[in-house]
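What follows is a guided reading of the structure shown below.

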Amino acid sequence: MSTVSSTIPEAKPNYLTSDFSIKSWLLTTDHKRIGILYLISISLMFLLGGILAGLIRLELLTPTGDVFQPENYNKIFTMHGVVMIFFFLIPSIPATLGNFLIPLMIGARDLAFPRINLLSWYIYLVGGVLTLSAMALGGVDTGWTFYTPYSSTYSNTYVMLTALGVFVSGFSSILTGLNFIVTIHRMRAPGLTWFRLPLFVWGHYATSLIMILGTPVVAVTILLVALERGLRIGFFDPALGGDPVLFQHLFWFYSHPAVYIMILPGMGVQSELIAAMSRKKVFGYEVVAISSVAIAVIGFLVWGHHMFVSSQSWYAGLVFSFLSFLVAVPSAIKVFNWTATLYRGSNAFLTPMLYAYGFIGLFTIGGLTGLFLSAMGLDVHMHDTYFVVAHFHYVMVGGAIMAFLGGLHFWWPKMTGRMYYEPLARLSAVLIFVGFNLTFFPQFILGYLGMPRRYHAYPEEFQVLNVLSTAGATVLAIGYLFPATYLLYSLFKGEKAPANPWNAKGLEWEQAPSPPPTFNFDHTPEVHEPAYAYAPEKEKEVVHS
Amino acid sequence: MGSIPFLPPSASSVSGEVDAFYFFMVAVTAFFSLLVFGLVVFMAVKYRRKSDQDQPRAILGSVPLEIVWTAIPFLIGMVMFGWSAKIFFTIMTPPEDAIEMYATGKQWMWKIQHRNGKREINELHVPVGQAIKLKMTSEDVIHSFFVPAFRTKMDVLPGRYTTTWFRPTKVGKYHLFCTEYCGTKHSGMIGWVYVMQPEDYQKWLQGDSGEGTLAQRGEKLFNELGCANCHRTDGKGRGPSLVGVAGEMVELERGAKVLADEEYLRESILNPQAKLVAGYQGIMPVFQGLVSEDQLLQLIEYLKSIGKTQKAPAAKPAAPASRTAATAATVQGKGL
């Protein structure tokens with residue numbers, strides 16, 4: 001990234017001001033505008049999923065099921081899972097930050113297929129509308145996992161409409177993945193070799209591989225459930241000659257890698273935050289880059305760790321357990337490298353960095369508790385208890401959402417051209433961290449005590465921990481309301497952001513104004529240096545211990 | 001409300017080792033978490049940005065360090081893997097002396113059948129110190145049989161038998177939970193496991209067992225459903241004699257062989273054409289939907305009682321009622 005004169009022309013229209021008509025938004029092929037459309041859509045989904053989570057915690061405040069009828073409680077946690085996973089977490093970072101930033105980071109005018117990019121948003125909307133209409137009509141009560149034969153034969157709720165929404169939205173993620181892969185292969189600026197790419201791009205490349213290879217499998221699985229439910233063709237229901245466990249294999253073959261769809265982009269964001277906020281190249285850059293791909297590949301081979309007590313072969317379980325310990329290694333490598341990057345850095349106490357610190361802490365706990373569940377002998381006891389709930393919320397909320405919020409703050413000036421109010425942002429980052437831990441840490445203990453998931457009512461001895469968890473959820477909810485408020489406020493009253501408020505490296509900061517013009521760069525940038533080249537060339541050193 | 005508990009009661013032969021492994025996991029992961037947290041906090045403070053002009057020197061990486069922090073997590077992971085796999089095989093392999101009982105999951109209750117014919121719902125009475133092997137199946141959706149105090153859990157599937165076992169070590173009353181989401185009243189599919197002194201258990205078992213042992217009920221069904229008309233004990237019926245079949249290898253058409261275990265017997269009742277015994281016509285009607293899971297277990301129990309090396313044929317109902325059912329069950333349990 002050659003040094004550029006800091007006088008970037010300000011007066012030219014940017015992607016936000018080039019055209020104000022509604023049509024120009026709804027028919028846009030600009031990756032940045034599509035990113036914003038996605039951001040609005042997923043934020044609304046997050047709000048909905050969050051309200052549902054609040055209702056769950058409200059019911060669990062007391063041992064008896066006194067707030068909702070059991071069938072309604074089951075619908076609430078099902079819709080919470082469906083909305084949060086398929087309509088928030090999976091598209092969250094890739095479809096918003098990824099969409100917005102990948103062309104900017106690699107020096108391209110847009111993604112490889114701008115119209116397909118717009119199509120993917122519309123497909124997402126159709127999927128969302130289908131699923132939400134199922135909810136409006138009366139909801140669905142199968143759990144987000146749709147286990148058969150409950151979902152295919154026994155549930156009398158809107159299973160097919162919900163599943164259709166999930167099925168349809170899957171295509172939006174396939175198209176996004178496809179677009180990213182082609183873009184990253186074909187549209188890098190001259191000089192931008194693979195090992196000069198920002199780690200954010202590496203993370204999205206790995207994510208895209210999973211999106212295009214995994215998502216079709218869940219689509220096929222949903223189709224089989226539909227055939228069984230609609231035409232009584234037996235795939236999963238033993239009464240029709242099917243195998244109930246087959247569904248779990250097919251479902252987790254996608255849904256476990258889908259967990260990595262949710263966390264890998266977050267890891268990419270994390271690398272950017274750590275580098276920019278410490279003004280250092282990420283320690284062990286190549287290792288961090290390759291570990292993303294390693295996670296994506298090994299992640300396809302661990303699905304059976306959801307099934308140790310499902311009657312799966314013990315020896316298959318043995319292999320899945322081994323591979324699950326193996327997939328933990330690249331995650332551990334990343335954590336160590338991020339931590340090492342801080343060594344002798346210039347570590348700023350700014351909001352994006354607070355989220356990055358929070359991410360390291362929460363992802364470490366989330367990852368390490370995954371080892372408890374990979375351990376076969378212990379998983380027998382912990383499977384389907386609150387320990388599992390706590391573990392995946394540490395990874396998904398503590399990891400993916402912390403990264404999403406950190407990234408949103410970090411690139412907010414670039415996306416909107418405005419600065420947010422820093423003191424309030426720092427306060428809410430701390431509030432979210434505290435609220436999160438108070439919500440989910442007690443659930444680890446509940447899990448070991450044996451409290452099963454998806455219970456509408458529970459024995460009295462579990463109440464104290466549940467009260468703590470609900471109290472934490474209240475703090476967490478307030479924490480989330482802060483950014484929603486001050487970020488929106490900044491759009492109108494925020495200080496105007498310079499092109500590079502953080503003095504960060506990267507084409508999006510150094511060569512594009514805030515906000516960028518429709519086609520990003522006046523000239524195709526040329527890249528002459530590695531990513532994160534903060535220090536002058538002569539001051540680089542390699543540690544030999 | 002009260003103080004916060006951290007561990008469930010420990011009441012089975014495996015719960016101690018599971019807890020020990022859990023403590024080991026907590027210790028190792030807490031160590032690494034605190035190490036990372038400590039480093040992050042320390043460096044966040046020590047190397048905090050002092051001026052906006054700060055430009056630290058770049059440190060690109062270190063191959064030895066990368067090797068160290070790849071190898072150490074891997075090796076520790078392998079220790080966890082090995083130990084936990086060993087525990088898993090212990091939890092999953094029933095010991096020789098285990099006595100059998102049957103559990104059927106149904107939306108939203110647990111139905112238990114003891115071999116002497118005693119039945120209970122959402123309660124399971126077992127003697128302390130005795131290994132218990134539960135053969136389980138479901139009448140509808142997938143359930144999961146979980147007793148936290150025993151640290152055991154196993155899914156309960158429709159159309160298939162799964163097995164769980166435990167050896168209770170402490171007298172008491174323990175939670176039984178369904179842990180696979182099974183519909184509206186999933187959280188109501190709970191019950192209690194009562195671990196009793198053997199004498200108390202015997203007393204409980206003798207009380208009100210009503211219609212005879214499971215095998216006797218199975219024999220009654222065997223006659224009522226007309227099975228005995230073709231499956232004659234003298235081997236001259238239109239179907240094969242079933243004496244001495246359970247637990248034995250059975251020859252199918254085209255030379256294939258299959259073990260006549262519960263799974264095979266069940267399938268051959270529900271869908272007889274699936275694995276036809278060599279030399280017989282596929283004329284037996286399909287019993288799918290005609291016999292309940294409970295009745296299937298009774299039929300199978302009867303077949304096992306006349307099966308391989310049977311010692312106490314249920315065909316002789318003269319077996320003295322005073323005889324301890326546990327002993328009888330042990331003897332029969334070894335039969336298969």
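**A walk through chains A and B**

Leaving aside its neighbours within four places in sequence, Ser310(A) is in contact with Val245(A), Gln248(A), Met154(B), Asp155(B) and Leu157(B), where contact means heavy atoms within 4.5 Å. The model is predicted: local features need pLDDT of at least 70, side-chain atom pairs count only at pLDDT 80 or more, and totals for chains, interfaces and linings use all residues. Residues are numbered from 1 along each chain as its sequence is written, chains are lettered from A and ligands numbered from 1 in the order in which they are written, and side-chain values use heavy atoms, with hydrogens and water left out.

Ser310(A) sits in the loop between α9 (285-298) and α10 (314-341) of chain A; helices (H or I, at least four residues) and strands (E, at least two) are DSSP runs, numbered from the N terminus. With a relative accessible area of 1%, Ser310(A) is buried. Buried means under 20% relative accessible area, exposed over 50%, and partly exposed in between (1.4 Å probe, protein chains only). The Ser310(A) side chain reaches the backbone oxygen of Met307(A) at 2.8 Å and the backbone nitrogen of Gln312(A) at 3.3 Å.

Asn347(A) is in the loop between α10 and α11 (351-374) of chain A, and is buried at a relative accessible area of 0%. Its side chain reaches the backbone oxygen of Met43(B) at 3.2 Å. Beyond four places in sequence, Asn347(A) is in contact with residues of chain A, including Met277(A), Ser278(A) and Tyr357(A), and with residues of chain B, including Ala44(B), Tyr47(B) and Arg48(B).

Ile34(A), in helix α2 (residues 31-59) of chain A, is likewise buried, with a relative accessible area of 0%. Its contacts outside four places in sequence include Asn99(A), Pro114(A), Leu118(A) and Trp121(A). The C-alpha atoms of Ile34(A) and Ala477(A), 443 residues apart along the chain, are separated by 28 Å.

Next come the nonpolar cores, each a set of buried Ala, Val, Leu, Ile, Met, Phe, Trp, Tyr and Cys residues joined through side-chain atoms within 4.5 Å. The largest has 241 residues, and those with the most contacts inside it are Phe86(A), Leu378(A), Trp411(A) and Phe145(B). Helix α3 (residues 70-106) of chain A gives the most to this core, with 22 residues. Another core, of 26 residues, lies apart from it and has among its members Tyr102(B), Ala260(B), Phe287(B) and Val291(B). Phe145(B) is in contact with residues including Trp110(B), Leu124(B), Met154(B) and Phe177(B), leaving aside its neighbours within four places in sequence.

Chain B has 8 helices and 12 strands, and buried residues make up 50% of its 336 residues. Of the contacts in chain B with a separation of 6 or more, 68% are between residues 24 or more positions apart. In helix α4 (residues 214-224) of chain B, the buried residues include Leu214(B), Arg217(B), Glu219(B) and Phe222(B). The buried residues of α4(B) pack against β1 (99-106), β2 (109-113), β3 (119-121), α5 (227-230) and α7 (293-305) of chain B. Just after α4(B), Gly226(B) takes a positive phi of about 80 degrees.

Leu438(A) lies in helix α14 (residues 422-449) of chain A and counts as partly exposed because its relative accessibility is 31%.

Notes
Polar contact = N/O pair within 3.5 Å; in protein donor to acceptor, adjacent residues only side chain to side chain.
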